[in-house]
Every structure is written in C-alpha cells, then in structure tokens.
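Please consider the sequence and the three-dimensional structure shown here. The paragraphs below them lead through selected parts of the chain.

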Amino acid sequence: MPRCAGWRRCVTACRRGQDCRGTGTQILLPMLAALRPPGIARILGPTYAEHARAAALAGHETREVETLDALTPATLATVVNPDNPTGRVLDARTLGVLAAAQRAAGGLLVVDEAFHDATPEWLTAIPLVPGGAVVVLRSFGKFHGLAGVRLGFAVAADAVAEHLEALLGPWAVAGPALLAGLAAFADEPWAQGQRVHLRQSAARLDRVLAHGGLRVLGGTPLFRLVQAPPGTHARLGRAGILVREFPHWPDRLRIGLPADEAGFARRAGALA
C-alpha cells in the first residue's frame with residue numbers, strides 16, 4: 001500500500017524505521033501497550049485518558065503521574081506532546097532523557113504527537129525512534145479535519161512497525177482515506193495558511209473567554225483549557241456549545257475553536 005508522502009519524509013529523516021498506518025491512532029494504543037509483557041505503566045498527566053485505559057487492558061499496573069521523576073523507568077511510559085488538554089510541551093532534551101531511561105530499563109516510551117501538526121516548530125520525538133524503545137504517534141484528523149477520514153500513524157523501528165502491521169492486517173486503512181491523506185500532506189500552502197488561521201483564532205478566542213470571566217490556563221492552537229466558575233458548562237451547553245468537562249477538575253473546561261463568526265458570537269453571548 002502507498003505510504004503518505006509527509007510521513008515518508010519523517011521516516012527518511014530517521015534513517016531507520018517506518019510508519020504503520022491505522023484508522024486513527026486510537027486503534028493502535030492497546031497494541032502498543034501489549035508490546036511489553038505486563039508490568040508497570042506510567043502516563044504523564046493530566047492527559048488523554050485512553051492511554052491509561054489501554055495500558056490497563058494490556059495487564060499493566062497503571063498510574064497517571066504528574067512529575068517526570070515518577071514517569072521512568074517503567075515497562076511502558078507515555079507522554080502526550082503537546083499535551084491534551086493542558087498544552088504542556090516537553091523539549092528535545094527532556095524527551096531524549098526519557099528515551100535513554102527507557103532503553104536502559106528495557107521499557108518502551110510512547111510519545112503521542114496527535115496535535116503536533118498545528119505547531120511544527122515544536123520539536124518532534126521522531127529522531128529518537130532509530131535508537132529503539134521509542135514509538136511516536138501522529139494523527140491525521142486533528143489538524144486536517146476531513147470528515148469521515150480515519151487515519152493515524154505509529155512511527156517505530158522496523159520490527160515494531162511490522163508487528164503492528166501484522167496485527168492490523170493487510171487492509172487496515174481504506175483506499176479513499178489513503179488518497180485523501182496523500183493529497184492533504186502534499187498541500188503545504190494550505191497547511192501554512194491553516195496554522196496562521198488557527199493561531200489568530202486561538203488568540204481571538206482567548207480574548208472572548210477572558211471577557212467572559214474565564215481564565216485561560218493553556219492549550220494548543222486547536223483548543224483552550226480554561227478555569228471556569230460553576231455552571232459554565234451548563235450555560236454553554238444551553239447555547240449549543242459543546243465543551244469537554246473533567247470529573248477530577250470540576251472548575252476546568254476544554255473549549256474548541258469556533259468555526260466561524262457565528263460561533264464566536266455565540267460564545268461571547270453565552271458568557272456575557
């Protein structure tokens with residue numbers, strides 16, 4: 001099957017390694033967690049909850065930790081970079097230290113870069129893949145957002161990628177999704193323009209949120225994490241605005257970017 005051009009460039013930069021395609025990265029999480037026998041899994045949190053669920057399903061003793069010191073060594077260590085929902089970013093030196101610790105312990109480091117395409121200036125962990133013990137996840141839909149196209153990638157050493165592909169089978173991704181991916185990755189002018197648009201929209205949303213009494217705590221150009229007073233989630237819902245709430249963070253919400261002028265106006269009105 002053809003490989004998406006953008007990812008071939010990433011893999012070539014690794015010198016050794018390849019990408020495994022799936023219907024989004026979600027399907028790959030349990031497979032990655034099962035690459036090591038049941039042991040200790042640590043996830044740098046707070047973050048996307050499905051990593052912990054996948055690790056637990058694979059039989060690992062799983063815990064979300066809040067410090068790098070508590071993350072490694074582990075049988076499976078996972079970081080989301082940039083993080084969802086906080087927007088936390090780990091630099092190249094930190095990622096290198098984590099990878100070295102995992103290699104020394106015989107463990108695996110999974111770096112989920114699902115939101116990386118919106119901010120390519122942030123360094124990727126892909127150059128760490130050839131050293132072994134590192135798998136990098138990338139998501140097509142977070143940035144390109146084509147409805148109905150489920151496409152995700154694991155960039156890994158040859159043996160790991162081949163193992164994942166064997167588990168997924170020969171027709172893991174539909175032909176139309178691959179063709180859409182090829183066309184989207186080749187359209188660099190659109191990508192550059194979209195990144196400018198996302199940054200401008202995020203800055204505008206920050207102003208709307210601040211005017212409505214919400215404190216912006218972090219996020220990425222695709223979403224914002226805010227501190228909100230009680231009742232904000234319900235108030236936004238009544239206005240037709242869906243946001244992510246967190247049971248363990250009752251005063252925080254993740255809010256996506258409005259699609260158009262009407263969306264900005266609806267948010268401003270709901271928060272007035």
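The account begins with conventions and then moves along the chain.

This is a predicted model, in which local features need pLDDT of at least 70 and side-chain atom pairs count only at pLDDT 80 or more, while totals for chains, interfaces and linings use all residues. Residues are numbered from 1 along each chain as its sequence is written, and side-chain values use heavy atoms, with hydrogens and water left out. Helices (H or I, at least four residues) and strands (E, at least two) are DSSP runs, numbered from the N terminus.

Strands of a sheet pair through backbone hydrogen bonds, either parallel or antiparallel; here two strands are said to pair if DSSP finds at least two bridges between them. Strand S2 (residues 40-44) pairs with S4 in the parallel sense over three bridges, and Ile-43 stands opposite Thr-78 of S4. S4 also pairs with S5, again in the parallel sense, over five bridges. Val-79 has Val-111 in S5 as its bridge partner.

How many residues of S4 are buried? Five of its five residues are buried, and the strand is mostly covered. The term buried means under 20% relative accessible area, exposed means over 50%, and partly exposed lies in between, with a 1.4 Å probe and protein chains only. In a regular strand the side chains alternate between the two faces of the sheet. In S4, Leu-76, Thr-78 and Val-80 point one way, whereas Ala-77 and Val-79 point the other way, and all are buried.

Pro-82 has its place in the loop between S4 and helix H4 (92-105).

The loop between strand S5 (108-112) and strand S6 (134-139) contains Ala-133. This residue, Ala-133, has a positive phi of about 70° although it is not a glycine. Ala-133 counts as buried, because its relative accessibility is 17%. Val-129 is also found in the loop between S5 and S6, and is buried with a relative accessible area of 0%. Val-129 and Gln-192 are 63 residues apart in sequence, and their C-alpha atoms are 26 Å apart in space.

Further along, Gly-169 lies in the loop between helix H6 (158-168) and helix H7 (175-186). Is Gly-169 buried or partly exposed? Gly-169 is partly exposed, since its relative accessible area is 25%. From Gly-169 to Gln-227 there are 58 residues in sequence and 44 Å in space, C-alpha to C-alpha.

The next region holds an open sheet of four strands in the order S8-S9-S11-S10, with antiparallel pairing. Its edge strands are S8 and strand S10 (244-246), each of which pairs on one side only. From one strand to the next, the twist averages 25°. Strand S8 (residues 215-220) and strand S9 (residues 223-227) form an antiparallel pair over five bridges, and a hairpin of two residues joins S8 to S9. Within this pair, Val-216 stands opposite Val-226 in S9. S10 and strand S11 (residues 249-256) run antiparallel and are joined by three bridges, with Glu-245 opposite Leu-253 in S11.

Helix H8 lies across S8, S9 and S11, and runs at about 20° to S9. Axes are lines fitted to C-alpha atoms, for helices over the stretch in contact, and angles run from 0 to 180 degrees between N-to-C directions. Contact means heavy atoms within 4.5 Å.

Two packed helices are described by the angle between their axes and the distance between the axes. The axes of helix H8 (residues 188-211) and helix H10 (residues 261-271) come within 9 Å and cross at roughly 20°. H8 is therefore roughly parallel to H10. The contact is made by Ser-201, Arg-204, Leu-205, Val-208 and Leu-209 of H8 with Glu-261, Phe-264, Arg-267, Ala-268 and Leu-271 of H10. Angles under 35 degrees count as roughly parallel, over 145 as roughly antiparallel, 65 to 115 as roughly perpendicular and the rest as oblique.
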